[in-house]
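Here is a short report for a reader new to this structure.

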Amino acid sequence: MTLLETDRPTLDLQDIVESAAAALEGAPTLEVIRWAVATFGDRICLTSSMSDAALIHLVSKVKPGIDVLFVDTGYHFAETVGTRDAVEAVYPVNVINVTPSRTVEEQEAALGPRLYGRNPDLCCHLRKVEPLGRALEGYMAWFSGIRRDETASRRDRRVVEWDRKRGMVKVNPILGWTQEDMDNYIEDNGVLVNPLHYDGYPSIGCAPCTRPVAPGEDPRSGRWAGMGKTECGIHL
């Protein structure tokens with residue numbers, strides 16, 4: 001049983017968010033994860049872009065068998081799909097492949113080719129945001145791997161948040177980690193990493209909208225380069 005089932009069945013989720021966000025700010029990552037698992041049980045999942053498996057490694061230590069949602073946009077690098085398959089084979093998790101309502105071919109037939117270049121916001125919405133929203137409907141909470149040091153829009157995020165768009169709780173256990181923290185954890189624990197990281201891709205999205213980054217450039221400058229876009233919309 002979870003805390004929601006045993007303590008206050010009608011407890012407002014937003015009340016949980018407010019108290020937990022204050023109590024867990026600055027708490028160790030595993031403490032945040034344990035709180036979330038104790039609170040939501042099987043009604044919490046984890047999302048991953050398969051850039052690396054650090055959060056998967058962390059969460060699966062507390063909750064083996066957790067659902068890991070991967071949004072398969074149809075535009076991913078082969079290395080990203082390979083990382084997904086490796087994660088499924090190596091870690092004690094249940095990888096769920098989430099797909100858009102239309103295939104790439106169906107989308108192009110309806111909206112024209114290369115929508116990602118003409119209207120990247122719409123393409124991201126159709127191939128990432130909307131499918132993930134559908135997949136999350138069966139849960140009360142989800143783990144996200146966002147970090148404050150990644151973009152300006154993430155600097156004021158909280159470890160536990162109310163996801164107003166989806167009407168659920170969002171838990172960000174590694175929000176305060178730096179890139180150095182991430183690199184050290186991956187090295188110390190032998191965590192699976194998308195091989196594109198070693199080819200100059202510090203931030204990995206869909207293949208048509210992601211380029212390598214030169215030394216000294218912002219790590220996310222290779223995402224939607226020249227489009228004035230920094231987020232796909234999932235975390236906005």
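Glu-137 counts as exposed, because its relative accessibility is 63% and exposed means over 50% (buried is under 20%, partly exposed lies in between; 1.4 Å probe, protein chains only). Glu-137 sits in the loop between α8 and β4. Its C-alpha is 17 Å from that of Arg-127, 10 residues away in sequence. Helices are DSSP runs of H or I with at least four residues, strands are runs of E with at least two, and both are numbered from the N terminus.

The model is predicted: local features need pLDDT of at least 70, side-chain atom pairs count only at pLDDT 80 or more, and totals for chains, interfaces and linings use all residues. Residues are numbered from 1 along each chain as its sequence is written, and side-chain values use heavy atoms, with hydrogens and water left out.

**Helix α8**

Helix α8 covers residues 120-135, 16 residues in total. It reaches 22 Å from first C-alpha to last, close to the 22 Å expected at 1.5 Å a residue; the expected span is 1.5 Å times one less than the number of residues. Yet α8 has a kink of about 40°, centred on Leu-126. The bend is the angle between axes fitted to the seven residues ending at a residue and the seven starting there.

Which residues of α8 are buried? They are Pro-120, Cys-123, Cys-124, Arg-127, Lys-128, Val-129, Pro-131 and Leu-132. These buried residues pack against β1 (44-47), β2 (67-71), β3 (94-98), α6 (104-111), α7 (115-118) and β4 (141-143). Contact means heavy atoms within 4.5 Å.

Val-129 belongs to α8. It is buried, with a relative accessible area of 11%. Not counting residues up to four places away in sequence, Val-129 touches Cys-124, Lys-165, Arg-166, Cys-232, Gly-233 and Ile-234. The C-alpha atoms of Val-129 and His-235 are separated by 9.0 Å, although the two are 106 residues apart along the chain.

**Cavity and pocket**

On a 1 Å grid over the protein atoms alone, a cavity is a set of points where a 1.4 Å probe fits but cannot get out; a pocket is an open set with protein on both sides within 12 Å along at least five of seven lines; lining residues have an atom within 4 Å of a point. The whole structure holds 1 cavity of 30 Å³ or more. Helix α8 gives the most to the lining of the largest cavity, with 5 residues.

| Space | Volume | Lining | Nearest the centre |
|---|---|---|---|
| Largest cavity | about 120 Å³ | 14 residues | Cys-123, Cys-124, Cys-206, Cys-209, Trp-224 |
| Largest pocket | about 1,200 Å³ | 45 residues | Ser-49, Ser-51, Asp-52, Glu-150, Ser-203 |

β1, α4, β2, α8 and α9 (179-189) each give two or more residues to the lining of the largest pocket. α9 gives the most, with 4 residues. The pocket lining has 20 nonpolar, 14 polar and 11 charged residues.

**Positive phi**

Met-50 has phi near 60°, a positive value in a residue other than glycine. Met-50 lies in the loop between β1 and α4 (54-62). Is Met-50 buried or exposed? Met-50 counts as buried because its relative accessibility is 0%. Arg-114, in the loop between α6 and α7, also has a positive phi, near 55°.

Notes. Grid points are joined across faces, edges and corners, and a volume is the space filled by probe spheres set on the points. Ala, Val, Leu, Ile, Met, Phe, Trp, Tyr, Cys and Pro count as nonpolar, Asp, Glu, Lys and Arg as charged, and the others, Gly among them, as polar.
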